[in-house]
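Student: Could we go through this structure together, one question at a time?

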Amino acid sequence: MNLKLYNQFLKVTLILLSMIIIGPTFFGILGLLFPAFGYFPSLGSNNVSLKYFYDLFLIPGILKSLLLSFSTGFFATFFALLFSQIILLCIFNTKVYYYLKIIISPLLALPHITMAVGLLFLLSPSGLIFRLLSPWLTGFNRPPDFFIIPDEYGLSLILGLVLKETPFFLLASMAAIEQFPAKNIFKIGKSLQHSIFSTWWLLIFPNLYKRIRLVIFIVIAFTASVVDMALLLAPSTPSTLSIRILQIYQSPELNSIFIASSLALVQVFVILILILFWFLLEKIINQKFFFLFLIKTLPRKKSFIEKCLFTIGVFLILLSIVGIVNALFWGLGDSWHFPNIFPDVYTLDHLATFLYENKSIMFISLFIALIVSLISIVTIVVWVELCDHLSFQNRCLESLIFIPLFIPQISFLIGVQTFLIKVGFQSYLISLIAIEILYVIPYCFILLGPALRGVNKDFISIGASLGKNRVERLFFIKIPLITSSLLTSFGIGIIISLSLYTPVYFIGAGRVTTLTVETLNLAISSSRQDLGVATAFQIIIPILILLIIVYTNKKFTKWSF
Amino acid sequence: MPLNEITIVKMKILSIIYSTDNIVLCIFFKDKFKMLNSVIKRNLFHILLYFIIISLVFVFCSSTYALEKKSRVLKNEYWEKIIKKASGQTIYFHAWGGAKNINAYIKWASNEVIKKYNIEVKHVKILDTSNVVARILSEKTAGKNKNGAVDLVWINGENFSFMKKHNLLFKDNWIVKSPNTKNMDFENNPGLLNDFGIVTNGMEMPWGISQLNFYYDSQYLKSPPRSALDLRNYIINNKGRFTFPQPPDFVGTSFLKQILIELMKDKSVLQSTFVKKNHEHLLNPLWSWLDKVTPFLWRGGKNYPSNYLALTQLLADREIDIGMAFNIAHASNAISEGKLTKTVRSYIHKNGTLANVHFLSIPYNSSKKAAAQVFVNFLISPKAQLKKQNKAIWGDPSVLSVNKLQLEWKNKFINLPRGVATLNNEELQLKLEEPHPSWVKAIESQWIKKYGSSK
């Protein structure tokens, strides 16, 4: 009887835990759907209608915004995937492959906004590249009036996203490669007289693709609805769909909430269409004739295209590194006029004043990140343990945690915000933490879930046979076994939380601000020196966290199998 | 009568006077009394009148004195109460947070009030005031009439007009109750009580005065264009070297208004509410000006900087030739911060430029109105205003009337140095009045339609 009650209690806990994820998601979606269809009783609108969807298309330039979002989502994902594969195939069998993780981890840890700032400093007409070439080559004594960054067609936004997502795909692919005998397949391909290039695309990539498909869809959803990068890199007349939603939502008009919500729903559809489009492409590429065509056309030897693509890929990674280093120079330099390549004066003043003025912001950013990451990790561990204990096998519920990654951030957050105002919830900090958990848990789960479940059952049964109860087995066997994954996912959680922009902007509502939001404010207000300093911190903090993880991993991992 | 008799009679009389009662006296001096009586009777009315007037004056004086004393006590008590209530409160001050020097000034002010009144001020750095208005509106529509997110907002123009129209502001004529308003000269500066032609009704406290001004690097540009037409020619002759912040940014829209006013023949119509069918054609001069100019703007008019600070960076990089700002000391500030070279100078158009006042107001659903009032009162104190007007801090002209200040403060204000690129008061004499706020919306939405969403 007592045991039954205990099990009941555990089941309730399980349901409560799932509510951490499902609750906000559910209310966020509700808060989006009701106003989108014109239902918001306290605004005096009780009847459901499609009126606002008609109104949408009267907004000037909305079609161009739609197209921009669509093209950004597609091309950024496509090129990021392409370049990640090119880089991977060129170095797969070399020694560099083992160092690749070290090179890309810092890039991966940087917030998107940092990459955008780096690009801005680098490519704008007054940026480093033009400074390097002027005036000896171009003859420019002052920056030319070139419409490069941001540009008319959103190409620089795509470039920025490619830079940021390529390392992400690289990491995902490297994880996926370990799941199948890629090396053997590689050898088979070579023995069949294929070049590395064709071996990769014909034999390895199809295997790989199956395993990173989810990641690809996450990237599509993210790139098509990105906010922070678009604010800096997208053209402004008009901007992408997510920026338009933001602008409309924040304009002081009585029906702005309806229009913004319906537009946010349209964005969900844009992403659905994009994913369907991707499916269609998959189907076409999967046809036999396409493979035959590829086999015939792909060169057997090292080709010029391959070299070109590889050079571009490496160039892209270099570009992001140089951009970031250049941003550091802006933080330290003063009176840096065109076309000087280096600042005239170096000073630590900007650094000192920034530290003095923003120490509370940095503290709160770290605090939120730590709390969010900690809660996420604990939730995941408890969840997996409970599932194991109750032999709960339904994985459907688990796939729900990925929902927040597929809904465009801005659409989802508008819903959450509407809901929060409706309910009259007071604490901005608590709601922000609750929302950030939604975005952190999926990534932590990808790392931690398999590790927890993959612990060799024999150890556990030995522990059980020695009379250790479940809690003891968890703390003394499982956790020591997975310390490395646990710490890594804890660090990743911190890094993701630190880099989030839209949730902080929306839910924090200015009352709770983090470094990322502050950096974007500075970037828009164009105080380059402060922006440089803020970017420097954006770079230093995640890399420090990475280093700490690596160090503690080495220190605390006692044994692993 | 012999002298002796007379003296005897006198003695008798005196004795009678001293010994007998008044009746005897009356009889004796009957004649004299009669005279007096007649005089009194004749002038009785006047005498009474004098008496009444004197007493009335006395009563009036004493009562007003008493009243005055009482009211002063009342007022002080009221303010004391507010200060007492405010102690320990935390307010969220939503103010544009793009400029470092302004942020630093607000930080200084918050440090002062926490020391003096134990009020914690948290500066919520926003990018666009209309977002704050939208937030308060959504709170009102959701029925959140208490504990609003915003306790104080930096505002003017159409945002104020919108909030006033939708009853989103704390009314109660609170600005008069702030003791430091005594230093403001409302009679001679009606602009302090009018925001873009809208009467403020004591719902917003004047904080500073601004005027649209342009700046350029005198090293490269000898004589800047000083009118809308000259500017048009300049832009066409110097492709890609002029731009303005993208409307609906405040400065960008103001620039469009400035051009409209310069091109308009009958400017008086701008003071009335914009009616689409009557007034839409009046905007045509502006659109034809922009049609000619836009292809020659920076980035071909296909991209615009997001705010006026971005212009500073562009001018520093020499991407553009002319910048603009509403703060008359902006160029000087940028020079002293090392962002612009020392050769940068300011100018205004020869027929004057838009001038306005920026204000502070308290949303209706703030639960910390007392602390907000105390903070506002501090912000308009001579100390805070002097610091604000200092070019090394912010350079925003004070709203106080120098003549009303105590001598000590008066001298401090008069002796404030002006920045190298700041125009003096004579040069800034020509001011244009802001159009009615309803024109802003019309200009913005039309601009977005025509130029902000590439056809």
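**Strands, core, helix and loops**

Student: Which residues of strand β8 (residues 322-325) of chain B point one way, and which the other way?

Tutor: Happy to start there, with a note that this is a predicted model, in which local features need pLDDT of at least 70, side-chain atom pairs count only at pLDDT 80 or more, and totals for chains, interfaces and linings use all residues. Residues are numbered from 1 along each chain as its sequence is written, while chains are lettered from A and ligands numbered from 1 in the order in which they are written. Helices (H or I, at least four residues) and strands (E, at least two) are DSSP runs, numbered from the N terminus. In β8(B) all of these residues are buried, with B:I322 and B:M324 pointing one way and B:G323 and B:A325 the other way.

Student: What counts as buried, and how much of chain B is buried?

Tutor: A residue is buried if 20 or more other C-beta atoms lie within 10 Å of its own, exposed if 12 or fewer, and partly exposed in between, with C-beta atoms placed from the backbone. Chain B has 17 helices and eleven strands. Of its 455 residues, the buried share is 46%.

Student: Which residue of β8(B) is the bridge partner of B:N213?

Tutor: Strands pair if DSSP finds at least two bridges between them. Strand β7 (residues 213-217) of chain B runs antiparallel to β8(B), and four bridges join them. The partner of B:N213 is B:A325.

Student: Which residues touch the most other members of the largest nonpolar core?

Tutor: Such a core is a set of buried Ala, Val, Leu, Ile, Met, Phe, Trp, Tyr and Cys residues joined through C-beta atoms within 7 Å. The largest one has 273 residues, and those touching the most other members are B:V374 and B:F375. Its biggest contribution, 14 residues, comes from chain A, from helix α19 (residues 428-453).

Student: What is B:F375 in contact with, leaving aside neighbours within four places in sequence?

Tutor: Contact requires C-beta atoms, placed from the backbone, within 7 Å of each other. By that test, the partners of B:F375 are B:I91, B:V113, B:I119, B:V121 and B:L152.

Student: Why is α7(A) described as largely enclosed, and where does this helix bend?

Tutor: Helix α7 (residues 155-177) of chain A is largely enclosed by the rest of the structure because 18 of its 23 residues are buried. From first C-alpha to last it reaches 31 Å, close to the 33 Å expected, where the expected span is 1.5 Å times one less than the number of residues. A bend is the angle between axes fitted to the seven residues ending at a residue and the seven starting there. In α7(A) a bend of about 30 degrees, followed within four residues by the proline A:P167, is at A:E165.

Student: Is B:R318 buried or exposed?

Tutor: B:R318 is not a glycine, yet its phi is positive, about 65 degrees. It lies in the loop between α12 (308-316) and β8 of chain B. Because B:R318 has 20 C-beta neighbours inside 10 Å, it counts as buried.

Student: And what about B:N118, and why?

Tutor: B:N118, with phi near 60 degrees, also has a positive value without being glycine. Its place is the loop between α4 (100-116) and β2 (120-126) of chain B. Because B:N118 has 14 C-beta neighbours inside 10 Å, it counts as partly exposed.

Student: Where is A:P238?

Tutor: The peptide bond from A:T237 to A:P238 is cis, with omega near -10 degrees. Most peptide bonds are trans. A:P238 lies in the chain A loop between α10 (228-233) and α11 (241-249).

Methods: Two residues are in contact if their C-beta atoms, placed from the backbone, lie within 7 Å.
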